[in-house]
Amino acid sequence: ISWLTVNDLADLAACYAQLGDMLNAERQAAEFRRISPTFPVDDFVRQVGYQNDADRQHHEEAFRKAGL
């Protein structure tokens, strides 16, 4: 899909990882890194502005699981 933003790719990779579909998680993560090789995931998570710290931790864990 050519219209996904870099944020969409990160979220998609995280979703695939949480579902256990590591092949697609790795594909999306690779595309994310190709488009934005220096984009720090920590900054991405900070931009979301979670009200609940457990939600932030869950999101970060999913990104890490996806290889981001």
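In which segment is Thr-5 found? Thr-5 lies in the segment before helix 1, where helices are DSSP runs (H or I, at least four residues) numbered from the N terminus. The model is predicted, so that local features need pLDDT of at least 70 and side-chain atom pairs count only at pLDDT 80 or more, while totals for chains, interfaces and linings use all residues. Residues are numbered from 1 along each chain as its sequence is written, and side-chain values use heavy atoms, with hydrogens and water left out.

Thr-5 has a relative accessible area of 41% and is therefore partly exposed; buried means under 20%, exposed over 50%, and partly exposed in between, with a 1.4 Å probe and protein chains only. Thr-5 and Ala-17 are separated by 12 residues in sequence and by 18 Å in space, C-alpha to C-alpha.

Helix 1 has 13 residues, which at 1.5 Å a residue should span 18 Å; the end C-alpha atoms are 19 Å apart, in agreement. The expected span is 1.5 Å times one less than the number of residues. Leu-9, Ala-10, Ala-13, Ala-14 and Ala-17 are the buried residues of helix 1. Viewed down the helix axis, these buried residues fall within an arc of 135 degrees, so they line one face of helix 1; the arc is that of the directions from the helix axis to the C-beta atoms. The buried residues of helix 1 pack against helix 2 (22–35) and helix 4.

The buried residues of helix 4 are His-59, Glu-60, Ala-62 and Phe-63. Down the axis of helix 4, they fall within an arc of 160 degrees and so line one face of the helix. Helix 1 and helix 3 (41–48) are included in what covers them.

Two packed helices are described by the angle and the distance between their axes. For helix 1 (residues 6–18) and helix 4 (residues 53–65), the angle is about 85 degrees and the axes are 8 Å apart. Axes are lines fitted to C-alpha atoms, for helices over the stretch in contact, and angles run from 0 to 180 degrees between N-to-C directions. The two helices, helix 1 and helix 4, are therefore roughly perpendicular (65 to 115 degrees). The contact (heavy atoms within 4.5 Å) involves Ala-10, Asp-11, Ala-14, Ala-17 and Gln-18 of helix 1 and His-58, His-59, Ala-62, Phe-63 and Lys-65 of helix 4.

Notes
Parallel < 35°, antiparallel > 145°, perpendicular 65-115°, else oblique.
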